[in-house]
Amino acid sequence: MKKLILSLGMCSLCGLMTIQAQDFKLNTTSGYFQNKGVDVMAFDDIYPEGHQSGVSIIMHGNRVATNGDIRYEPTPGQWQPVPAQHERKLDASANTITTQLSFPDSARDMKGFNPMIYPEFAFNYTVTVKGEGQSIVVTVDLDRPIPAYLEGKLGFNFELFPGALFSKPWIMDNKQGIFPQHPNGPTLSQPENYAHSGNYTPNSKVDKEHLSGHHHGYNPILADDIIALPYAVGKRFTVRPDDPYNRYTIESKGSDLKLYDGRMNHNNGWFVVRSDVPLGATKEAIKWVITPNVVSNWVYNPVIQTSQLGYHPNQPKIAIIELDKRELNRDKPSLYKITADGEKEVTSAPGKDWGGQFLRYNYLQYDFSNVKEEGLYQIHYGNSVSSIFRIASDVYDRGAWQPVLEYFLPVQMCHMRVNEKYRVWHDFCHEDDALMARTNFNHIDGYVQGPSTLTKYNPGDKVPGLNIGGWHDAGDFDLRVESQAGETYILTMAYEAFNVNYDATSIDQNKHITEIHQPDGKNDILQQIENGALTVVGGYRALGRLYRGIICNDLRQYVLLGDAGAMTDGIKGNEDDRWVFTEENPNRELTTAAGLAAASRALKGFNDTLSVQALDAAKELFKVTQINSFSKSAKVHAATELFLTTGDKEYKDYLLSETEFITKNLNRIGWFIGRADKAMKDAKFSKAIKDALPAFKAQLDKQAAETPYGIPYRPRIWGAGWDIQTFGYQYYFLHKAYPEVFGPDIVYNALNFVLGCHPGSNTASFASGIGTKSATVGYGLNRADWSYIPGGVVSGTALIRPDFPELLEFPYLWQQVEYVLGGGSSHYMFLVLAAQNMLKNS
């Protein structure tokens with residue numbers, strides 16, 4: 001009752017929380033403007049196509065708007081042109097951030113991972129962001145006037161996060177409205193920028209006509225011809241007038257403000273406020289005054305971060321409490337047990353200051369490892385409470401790692417119909433795989449085919465044997481060799497390390513039908529290892545080499561949301577078939593060889609023919625692949641798995657001959673070489689490894705000490721969850737091989753991070769459907785339904801530069817909530833199995 005009264009009391013103050021005499025000041029240390037609980041960044045971030053760039057506003061702990069910058073379209077998507085950023089200058093005396101930018105960006109024009117088609121108008125411009133009292137003034141200066149055909153097209157956009165705005169109010173001058181749950185017509189037709197395409201990359205390997213879909217209906221790269229009619233037009237726009245914590249006003253001193261709905265032509269779009277650049281304008285072509293409401297007494301509410309799944313009685317248990325860096329007072333954390341009669345306090349003790357600021361927060365560590373009594377628990381700190389979690393000896397025994405095998409991997413299976421009782425996750429798909437890709441061709445999503453197919457097949461030929469096995473890689477539906485072989489390898493490592501034997505699924509590779517929760521008497525993990533080996537080995541035998549990947553042949557197919565069975569018609573040899581790409585990539589080829597050599601061990605006695613084929617392919621790849629400075633570690637990896645599989649002297653001799661290289665590169669090799677070390681029983685080799693371990697351990701300890709979580713958090717664009725899982729997965733093998741040097745804590749820390757003990761206010765488990773609170777909106781095949789796939793593990797908390805950790809509940813932010821193959825979920829499964837195994841043997 002006390003907490004309820006406090007909460008209601010705070011709400012009664014909302015009307016009093018108005019702007020005081022506070023000013024936005026540039027903090028040259030942080031690199032952005034600050035005013036109490038409101039921050040304004042300017043061109044700190046680097047990912048405009050992922051809604052992370054330009055001018056951004058964080059209000060009272062939430063990012064509300066971003067990507068304030070010049071764009072060629074009112075509501076651009078991820079394939080529309082973005083500028084090149086040059087000098088960014090901070091001037092404390094003038095209280096400004098000034099950024100020089102230009103169009104086009106030659107690194108993206110008709111090349112690269114996501115080719116973009118730039119209009120022929122090239123220009124430079126300057127964005128100046130200035131703190132003026134309680135407001136932020138944004139001005140844009142162009143070095144030349146825009147051409148007539150870009151009137152109404154080139155403008156300054158500001159993107160508003162839709163997930164926080166649905167059903168919330170706005171005001172534009174004297175017009176009012178509610179942000180809708182879904183985009184509403186009417187639409188507005190306008191000329192395409194494509195008609196004025198530039199020619200900045202004359203030797204580009206991108207086929208512009210193919211990329212644009214030959215103008216046959218909708219195409220995401222030409223999505224500027226039909227847009228939503230603005231919801232409102234005016235000079236002064238207020239977002240969330242009802243909420244002092246999220247209210248801000250934008251006033252244009254020049255051309256009108258227009259409120260667009262970017263979801264009309266891109267399902268993953270945001271709301272956009274925009275002003276067009278007027279014809280003839282250069283100096284102050286755009287001038288906005290942005291005034292966020294600053295709640296003067298706001299302090300970031302303490303966030304208690306724990307494992308959403310819970311803890312085994314014997315494992316370390318450390319909750320992390322995230323605090324506003326301005327908060328000097330310290331409360332005492334308390335642990336409560338939830339019983340049938342209510343909650344009761346079990347223990348209370350001061351938290352330990354971690355010792356310094358991490359990101360933008362201070363942290364306490366609350367260690368309750370001595371609590372071993374089984375039950376339901378919750379941590380209190382001031383007015384904050386954690387999620388309820390379990391302490392139980394069976395915490396990892398059911399519904400913990402199993403959803404990866406029960407749901408996620410079956411749902412992702414390609415060349416299958418996947419049923420779950422009444423539900424069809426997806427119908428028969430990609431039975432027409434695949435045609436040989438075009439040569440000298442830069443495709444989408446990083447797929448590039450060189451001057452030769454590197455096979456006996458010509459471009460456009462039907463390649464047999466590719467329509468079996470594999471998993472769709474997240475929501476993109478493609479099959480990358482590193483994802484397919486990597487997933488197979490991790491599953492093999494789990495099978496061998498923990499003797500996994502679990503059967504909840506029926507998989508029929510002949511009929512191409514998978515039935516979830518319909519046991520067939522076969523070990524699910526072996527069936528999934530088989531599924532991965534079928535596509536990799538099948539591709540190798542069909543092509544005479546590894547494929548780089550199999551992907552849809554155009555952009556309209558690529559953005560498919562929903563049933564994978566709708567991507568192609570299943571008839572081989574026509575224009576909707578997917579393409580298979582090849583490449584010369586020694587590192588990938590040798591890493592795949594390692595995976596196939598390991599899989600052959602697991603498949604022996606389960607699918608003997610495939611086991612032999614996998615081993616033959618691994619041997620051949622080891623023999624013929626040329627090594628370079630980037631692939632030598634991969635060759636050591638392949639030799640390790642081949643030796644463990646065959647015991648052949650050839651591979652042992654190779655490993656022994658590379659002793660010096662191995663000991664100097666334990667940061668890349670150490671995690672897998674321990675198994676070979678134990679198997680080879682070579683005293684000289686073992687001594688060399690053990691002599692090098694202390695220095696390597698010191699490196700890892702230093703990395704673990706970078707954060708209060710006991711694990712390094714180093715995101716670039718994507719959330720770091722997958723990297724942290726990989727770190728913990730690899731560390732387990734060090735612990736297993738050399739327990740006297742490497743303790744188990746990093747494995748537990750990595751697992752706890754994924755399960756909810758991570759920075760930011762959203763403490764959800766990255767593993768969908770696992771734990772009290774989890775990521776139940778994920779970037780998977782069902783993302784358009786704001787849903788999830790159980791057992792899928794999202795990329796996790798991302799970093800909004802320079803210091804804001806963020807995990808939004810929004811299905812289209814791939815860098816935060818995407819699922820992936822090749823480790824995303826299987827590394828998580830491995831970590832749970834590792835913790836379970838270590839604790840049962842403790």
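Which residue lies over the face of Trp425? Arg423 does, at 3.6 Å from the ring centre. Likewise, the charged end of Lys635 sits over the ring of Tyr654, 5.8 Å from its centre. Such a charge counts if NZ of Lys or CZ of Arg is within 6 Å of the ring centre and within 35 degrees of the ring normal.

A word on the basis: this is a predicted model, where local features need pLDDT of at least 70, side-chain atom pairs count only at pLDDT 80 or more, and totals for chains, interfaces and linings use all residues. Residues are numbered from 1 along each chain as its sequence is written, and side-chain values use heavy atoms, leaving out hydrogens and water.

The structure holds 58 aromatic pairs (rings of Phe, Tyr and Trp, the last by its six-membered ring, with centres within 6.5 Å; planes under 30 degrees apart are stacked, over 60 edge-to-face, the rest tilted). Two of these pairs are set out here.

| Pair | Centre distance | Plane angle | Class |
|---|---|---|---|
| Phe166 and Phe271 | 6.3 Å | 75° | edge-to-face |
| Trp671 and Phe733 | 5.9 Å | 50° | tilted |

Phe166 and Phe271 link distant parts of the chain, 105 residues apart. Both Phe166 and Phe271 are buried (under 20% relative accessible area, with a 1.4 Å probe and protein chains only). Trp671 and Phe733 are 62 residues apart; Trp671 is buried at 10% relative accessibility, and Phe733 is buried at 8%.

Finally, one aromatic cluster includes Trp298, Tyr300, Trp354 and Tyr709 among its members.

How values were computed. Helix = DSSP H or I, 4+ residues; strand = E, 2+ residues; numbered from the N terminus. Buried < 20%, exposed > 50% of the residue type's maximum accessible area, 1.4 Å probe, protein only.
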